[in-house]
Amino acid sequence: MRPVDHEAESCYSCGYSALKAAEKFGSNQVALSRVHDAAHWLRKQEKDVLNTAIDQLEVKFPQMLFCAYLGLLPENLKMSELGFWLLNHGQVKGAEYARPNENAILVILDMKTKQVGISLGYFAESLITQEDGYRALMKARPNLLNAEYGEAIETIFRRLCKVLEKRGKKLRKLSHEELQAQSKALNENTLDLPQHFAPMLGRWWRLRAV
Amino acid sequence: MKRPFLTASSLVLFTAGIIAAEADLPEWSDATDAEAYTLGGGLWPIGLLPDGAAEAAREDSPAMVAEGASTPTNPDGSPLTFYGPLTSAGGENLGVGNTTGEGLDEPAQAPAIEALPPIDGELRNLYFGYPPVDYLIDPQRLLTEQKSNDIKRFLEFHSDESDFKIFVMVIGETQEIPESVDLQELHREWFSEQTTVLMVYHREHPDLTEFVYNEGVRSALSQPVFERIRQNCLREGAATEFAPDQVEKMAIELSIQLYWLGRLMNAEGAEAKALSEAESVFDLPASADAPELLREYAPSIFLQESSQRAISILITIAGILACLVLAAFLVLIIIWLRNMDRIGGGPLIFPNWEPKPRLGGEFSGGGFISMSFDINDTSSEKP
C-alpha cells in the first residue's frame, strides 16, 4: 500500500479524492438518520431494536457516532466511495455537537451486491484498526446470511464497541505526555507537508450550499 | 713364577675341600613318626573331611555320636551322616561311615520316634491343669529348641501389637485331647477376659489343627469367616513337612488373619454378620476400609461383593463424566462470556487529538472495510 498524505489531492493508487467524490455525488450536505434504510429492508421492530442498541452504545461512548446506511447501490457506485462521501457530507439527525462525523462509524449495506462495509472517520480510524473492523464483519456474517440485517448491524456495532472499550482502557492508563506522543505519532504517519486546501474548500462548498 | 703356582695350588686345594665337605640335607621322616593332626582343627566331626592323616588317626580317636541317636543306615547299609549336635557320650561315631559328603543338605535327623504316651495323668496336668504362662504350650518339647524360641518370640511380639492373643498348644500326632477336656470350656476358663485364639496343633498333621475362639468373637462374625481363616492357616501349614516350620508358618498366617479379623469386626459387626450369613462363603462383603494389603495376604478371605464392585465402578464413571460435563460447561460459559458483546460500565471518554485530513476529506480519509455476504461469492474485500 502506498502512503496517503494530506497533501495528496488524490489517492496514489486509484486517483480518488474528495473533489472527484463531489463531482460524482454532489457537494451538498445530505441529511441522514442513525439507521438510514434507503432500501427499506428493515422492519420497524428491527429498526427500533437497533436504535435502542445504538442509544445504549452512545451512552457508553459519548463521543462516538454510530450510524448505518442500507441501500441498493447502482453499479457504478462503490461502497467505499459512498462511505467516504457520506461521512464528509452527511449530517446525522440527532447527533450532538460532541459527535462530529470524524468520530463516526458508518455501516453500509448494499443489498444489491450483498456487501457490507464500515467507513470510519478520522478519529474512529485512529481507534479501530482494519483487523478489528474485519473481525466485526465476520462475526455478523451469520446474521447477514440469514437476512437478519438489524441484528447484523447491531453485532458489528457491539463488536466494535468492545474494541473501543479495550482501547479506551489502554489510553486511560497513559499519561498526558504519552498521549501527546501517541497523537504525534499518528500524525507523523503522514508526510510533514503544508496544510491541504481541501478542507477549506469543503467548508466553502458547505457555506455556499447553505 | 712363584705367584701363578701359588694361585693354582690354592684353587686346587679350595675345590678339593668343597668336594670333600658333606652337606647336612633334611631327611624324610617315616610315616609312623609323623605328627598326627586333624584337618579342620576339630570344627567338624572327625572323618567328615577326606584326609589321609585323619583317616589314620581316626581309628584311635574317641567317637562322637548324637545323643540318644540310634544307628540309622542308608539303603545300601552304610551308616547315615549326622550333622546335628554332637556329644562325646554314646557308642559309635555316626560321621565315620559317610565321608563322601552325601546328604550335606539334609536337615538334622530327628531322634527315633518313640510312641508318645497318651495325655493323661501328669502330662494332662501339664497341658490342661493350669492356665498357660507362655504363648507356646509344648511340655513334651515336640518342637526343636531353636524353633520353639523363634515361635515364642513371634507370639510375644504379636501379643504386644494385637488385641488378639495367640496360644499354640503342640501335641503329638498320635495323641488326642482327653474326652474329659472341653477346649471351649477351657478357653472360657482361661481367656475369658481377653480375646484369644487357642491353636491346638498335632505334630506333622496340620489338618488336625483346631482353633478355639472366644464366644464373643464367634458370635460377632459368621462361621464362614472362621472357616476361611482355618483354611488359610492349614494351607500355610501344608506348605512344609517339618513340624516346627509348620507351626511357625501357621502362627504367622493366623496373626495376619486375626489382624484383618479385628478390622472386620470393628468395621462391620452385626450388620456384616447378617449379610454374610445370607450369602455363601465366596460372596462375603469386603471390609469398607480393607486396603490392598488385605488382598495381598488374604485374597480369599474377604471377597468383595460383585454388585457392590459394579456399583462402585459405575459411580466412578459417573463421577468422571460429571466432572467432564462440568468442565465443558465452564468452558462454554467462558467462551460465551468472551464472545458476548456486553458493554457495561460508565461512559468512556477518549482523549481528543486532531488527525490531519487526507484526500481532501474533512471528516473521513476514506478508511473502509468491506465484506461480501453473498452465498455464491465467498471472497471478501479488504482495502
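Reply: A nonpolar core is a set of buried Ala, Val, Leu, Ile, Met, Phe, Trp, Tyr and Cys residues joined through side-chain atoms within 4.5 Å, and buried means under 20% relative accessible area. In this predicted model, the largest nonpolar core has 47 residues, of which Tyr127(B), Phe128(B), Met169(B), Tyr213(B), Leu254(B) and Leu261(B) touch the most other members. Helix α8 (residues 243–267) of chain B gives the most to this core, namely eight residues.

Me: Which residues does Leu254(B) touch, not counting those up to four places away in sequence?

Reply: With that exclusion, Leu254(B) touches Ile166(B), Val197(B), Met199(B), Phe211(B), Tyr213(B), Ile229(B) and Cys233(B). There is also a second, separate core of 44 residues, which includes Val107(A), Leu109(A), Leu120(A) and Phe123(A).

Me: Why is α5(A) called roughly antiparallel to α6(A)?

Reply: The axes of helix α5 (residues 130–145) of chain A and helix α6 (residues 149–172) of chain A come within 8 Å and cross at roughly 155°. Angles over 145 degrees count as roughly antiparallel, and therefore α5(A) is described as roughly antiparallel to α6(A). The crossing in which α5(A) passes α6(A) is right-handed.

Me: What makes up the contact of α5(A) with α6(A), in terms of nonpolar, polar and charged residues?

Reply: The residues of this contact divide into nine nonpolar, three polar and four charged. Among them are Ala136(A), Leu137(A) and Ala140(A) of α5(A), together with Ile156(A), Leu160(A) and Val163(A) of α6(A).

Technical notes:
Residues numbered from 1 in each chain as written. Chains lettered and ligands numbered in written order. Predicted model: local features only at pLDDT ≥ 70, side-chain atom pairs only at ≥ 80, totals over all residues. Heavy atoms only, no water. Axes fitted to C-alpha atoms, helices over the stretch in contact; angles between N-to-C directions. Helix = DSSP H or I, 4+ residues; strand = E, 2+ residues; numbered from the N terminus. Parallel < 35°, antiparallel > 145°, perpendicular 65-115°, else oblique. Left-handed = near helix turned anticlockwise from the far one by under 90°. Contact = heavy atoms within 4.5 Å. Nonpolar A, V, L, I, M, F, W, Y, C, P; charged D, E, K, R; others polar. Buried < 20%, exposed > 50% of the residue type's maximum accessible area, 1.4 Å probe, protein only.
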